[in-house]
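User: Please take a close look at one helix of this protein and at what surrounds it. I would like one connected account, with the cut-offs behind each term.

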Amino acid sequence: MYIDLERELPPSANRAAPDMAVDWTVVVPFFNERELLAGTIASLARQTVPFRLVLVDNGSSDGSGAIAEAAARRHGLDYMLVTERAPGKVAALRAGFGWSRTRWTATCDADTLYPPHYLAAAGELLSRRNCVAAGAYFVAPGADADDRAARAETIRKAARLLPRQSHTGGAGQAFCTATLRAVGGFDPDRWNFVLEDHEVIHRIMRKGTMHYSDALWCMPSPRERDRDSIRWTLFERLAYSVAAPWAGDWFFYSFLSARLRKRRLLSHNIRERQFQQTEETKLVPTHSVR
């Protein structure tokens, strides 16, 4: 069962006092997520540190934008809503990240729940010397402390064994904003395929390290997905593990990009429903609750 965060979490603590520094921008791209968006925003609203929320509607046709805005207003969030009609998650992330002016930026998925300490835990990692990215591990709904401990140990072992690659997806990534901007941010002109969460980590880890911790976790929706066709193959995963430490550019921009292009695995193919139209980027006016 998907947890009802409206009832399970304490009252919102994320709204900053007028003189309080805000270290975080949270970017949430979405496409036709009306069933799950409100729960995700509710979980973010319970964060123990203040943040600015950038909601990016990637051309939804189911009213997701209105639902996202209503939820953000209901929880008293400092937010803005941007519509990016160029299809694909990379384009949506670029649109959202362009509005980040804070020390750190987290990318969150519209179908994922985040515990109240999520941003605080990520900030603790990013405050460490030379840390430019923080990664969360994923747990299933209903996971208890023992389950989380086992998942945390798994990701720590993977990171020790293969320290130059990502061991989590975009739903659980957080970045030093200045460093991410310095390496090009999210850019569909550079990488407009699936697996953008691994490609961006390849670039940012040229500047530092990526850390994980027991406390940094999130809970993706348990809904069924049919995405086998957009995942990389076992051979590609093995090649990634071997090439990441010394030939990451070759792996992504020569080897993997050619294979994904041949399979037509562009960024918009991560959608689970067909995209309807493509237009230029449109900015919906900022809505501030301050």
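Analyst: Helix α3 is followed by Gly76, whose phi is positive, near 65 degrees; helices here are DSSP runs of H or I with at least four residues, strands are runs of E with at least two, and both are numbered from the N terminus. The model is a predicted one, in which local features need pLDDT of at least 70 and side-chain atom pairs count only at pLDDT 80 or more, while totals for chains, interfaces and linings use all residues. Residues are numbered from 1 along each chain as its sequence is written, and side-chain values use heavy atoms, with hydrogens and water left out.

The helix itself spans residues 64–74, and within it Ser64, Gly65, Ala68, Glu69, Ala71 and Ala72 are buried, where buried means under 20% relative accessible area, exposed over 50%, and partly exposed in between (1.4 Å probe, protein chains only). Seen down the axis of α3, these buried residues fall within an arc of 165 degrees, so they line one face of the helix; the arc is that of the directions from the helix axis to the C-beta atoms. An α-helix has 3.6 residues a turn, so residues three or four places apart point the same way. On the other side of α3, Ala66, Arg73 and Arg74 are exposed.

The buried residues of α3 are covered by elements that include β1 (24–30), α2 (37–45), β2 (51–57) and β3 (79–83), with contact taken as heavy atoms within 4.5 Å. Two of these covering elements can be followed through single residues. Strand β3 holds Val82, which is buried with a relative accessible area of 2%; the C-alpha atoms of Val82 and Trp99 are separated by 9.5 Å, although the two residues lie 17 residues apart along the chain. Helix α2 holds Thr40, which is buried with a relative accessible area of 0%. Leaving aside its neighbours within four places in sequence, Thr40 is in contact with Asp109, Ala110, Asp111, Thr112, Leu113 and Tyr114. The side chain of Thr40 reaches the backbone oxygen of Thr112 at 2.9 Å, a polar contact being a pair of N or O atoms within 3.5 Å, where within protein one must be able to donate a hydrogen and the other to accept it, and residues adjacent in sequence count only if both atoms are side-chain atoms.
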